[in-house]
Amino acid sequence: MRFLVFSLLLFSLYVHASEVALSQEEQRYIEAHPIVRVHNEMDWAPFNFYEDGRAQGLSIDVMNLIAQKVGLKVAYITGYSWNEFLTMMQENRLDVMLNIVKNDDRENYLLFTTPYQSVAHCVVVRNDAPWKIETIHDILDKNIAMEEGFFNHHYLKEHYPNTRLTLKKDTLSTLQSIAYNETDLTVGLVPVETYMIKRYGLSNLKVIGISDEELFAPKDLRIATSVHNPILIGILQKGLDAIDQEERNRIVNLWVNTNVEKIMNWNLLFKILFFFFLILAGTLFWTWRVKRIQKELADSNFLMHNLLNAIPNPLFYKDANGAFLGFNQSYEEAFGIDSTRFIGKTVLDLDYLPPEDRLKYHQEDMRVIQHTLSLKREQDMVFHDGAVHHTLYSVNGFKTLKGKPGGLIGIFADISHQKKIQHELEISRHEVEESHKAMKDSIEYASLIQHSLLPNHTLLHRFFSDYCLLWQPKDIVGGDIYFMEEFDDGNTLLVMMMDCTGHGVAGAFVTMLVKAVERQIIATIRHQHERISPAKILGIFNQSIKHLLNQHDASAINNAGFDGAVLLYDKINACITFAGACLPLFCLQTDGTLSILQGNKHSVGYKQSQTEYVFREHVLSVEQGMRFYITSDGFWDQNGGEKGFPFGKSRFTDLLKKHYQEPFADQEEIFIKTLHAYQGTEIRSDDIMLIGLKI
């Protein structure tokens, strides 16, 4: 039969006479293009493949029959990948594509005939795959092997772009990647996948039929030409239309029914047996069928028995009357029973359970079965070892194919170990919370102490016409601190700002040390009645901290200190004396002119600081309406904005110049809102301190 069909198809290559009516334009086209170049794949059986030195397959036979009917010759082009064939079509190096599925993208450059074959879709997985696949959503989290450029590739890429796709050049390498455990599954056409699995002995693969949405709906195979070749597509369509049903069936039966493993056609078999064995056919058929069903049932029961025993949790199942149908091995071991003693009995017969529990469970079973319920609860169970096990019990009712109550399946999951761990974690969490609360309470009390060290704001009110004081530690306590001291019977005010090492508890400890040194300096000034020098005050701080922390060389264990600013305001002489350690003084004239007095680029107290370092002083005459600002670097070092960069001094000075005429209370609010807006979702990086003064 195959040889006869092949001979007819081979002969068609040499026939020029047309069996269908063609227009003059179509006849002229064939005279000008007597041979058409048609794509043929190396290995895509049973539709088209290359074997024994020639193109073969269902699609090849259809194309040859079309060529015979319209008077064309065919030259099959083999040896390229699917994507390469599509490119050849677009570049006019190929005339015809076979067995192609139409989609929106391909319609941009191809013309299609009507379908000549509709093929079911399937999923291919390994035999030991643990997944239950019923819809497309069951495969989206898997590693899917796919022939590059095929319809399925474009569909998943367009509709489910986050799917993991491993692209292969052809169907064989796709199936091999699943068989060798490189990928999880593929989606393809049933005849192709089944044929290839059988042909190449990939016995660890299985085909799963599925019907879910467009991806798994049967696919129509068509013939296509370039959009620039509408005459040829018309010729091919006429040839396809001229193929009658008998011819179609002959080709399909030749390639699909003989090459794809399918369920036996019992009607056909019965007719054959009836023709040859009119009297014995019925008896032989039913005898064979009963034995086959019995074997299938035995195999099915054996498989189900092994599957149930592979489940590590105790499991049982019952019929519609609540009678046991079976147990798995884990159930027998957990409760120490011989399952054969209880098959056909109900929970009322389980003598290892208390009588009241048996009645309660039986009533529950019947309710689950009658109403097809699903129940889940945690409960303590005494196992065969005599110990109480904490279990998660789950039971589900099911119906028969006719929709009637069929029984139930129950399973116990021993979660004793998980509950023990959960209890231990709960104890640990409580201990951590208690420790955290104690620590937080201690830090909050330390915050009260730190706040008590800060001076009274009334001093600023007595010396300046307006002021703002922004002090915001990053944590409950902070490393930024300020001091103020009044001298000369209320005519002189000393203002000090320190940005100490670190923030939080570490920074707060340094501020306590700085406070102690500050009190010693103030006491010395008052006792000796000496001239107040901001530069000298910074120098004394530097020497004292290095001495107290033994930070005289690089081998010192500690490395603490601060950046600071010291400002002395003399009302009588209308001047300000300023000295800074890495912190500047911002001065705004009444006309908005901004000047910056830079402090020395030398911090106070650190190991690298020079013990005898002399800080520089700036003396500035002042007049009514002038404004002065000192701030720690926490403000302009805060990250934020679109790129996460620091706020910066430039943006800070622009903020001062823009709003300097506002009342300081409004300025303080503007500073806070501007910084928060810039910070956005970034984490606060440091303590923030800013003092603004108006003469």
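**Legends to close-up views of a predicted model**

View 1. M196 is buried, its relative accessible area being 0% (buried: under 20% relative accessible area, exposed: over 50%, partly exposed in between; 1.4 Å probe, protein chains only). The model is predicted: local features need pLDDT of at least 70, side-chain atom pairs count only at pLDDT 80 or more, and totals for chains, interfaces and linings use all residues. Residues are numbered from 1 along each chain as its sequence is written, and side-chain values use heavy atoms, with hydrogens and water left out. Helix α7 (residues 190-199) contains M196; helices (H or I, at least four residues) and strands (E, at least two) are DSSP runs, numbered from the N terminus. Setting aside neighbours within four places in sequence, M196 contacts D43, A45, T171, L172 and L175, where contact means heavy atoms within 4.5 Å.

**View 2. Packing of α6 on α7.** The axes of helix α6 (residues 171-179) and α7 are 10 Å apart, at an angle of about 70 degrees. This angle makes α6 roughly perpendicular to α7 (under 35 degrees: roughly parallel; over 145: roughly antiparallel; 65 to 115: roughly perpendicular; the rest: oblique). Axes are lines fitted to C-alpha atoms, for helices over the stretch in contact, and angles run from 0 to 180 degrees between N-to-C directions. From α6, T171, L172 and L175 meet V192, E193, M196 and I197 of α7. By class, the residues of this contact are five nonpolar, one polar and one charged (nonpolar: Ala, Val, Leu, Ile, Met, Phe, Trp, Tyr, Cys and Pro; charged: Asp, Glu, Lys and Arg; polar: the others, Gly among them).

**View 3. Packing of α16 on α17.** Helix α16 (residues 504-528) and helix α17 (residues 534-548) have axes that come within 10 Å and cross at roughly 130 degrees. The arrangement of α16 to α17 is therefore oblique. On α16 the contact is made by L513, V514, V517, E518, I521 and I525, and on α17 by I537, I540, F541, S544, I545 and L548. The contact of α16 with α17 comprises ten nonpolar, one polar and one charged residues.

**View 4. The protein chain as a whole.** The secondary structure of the protein chain consists of 19 helices and 31 strands. Of its 695 residues, 47% are buried.
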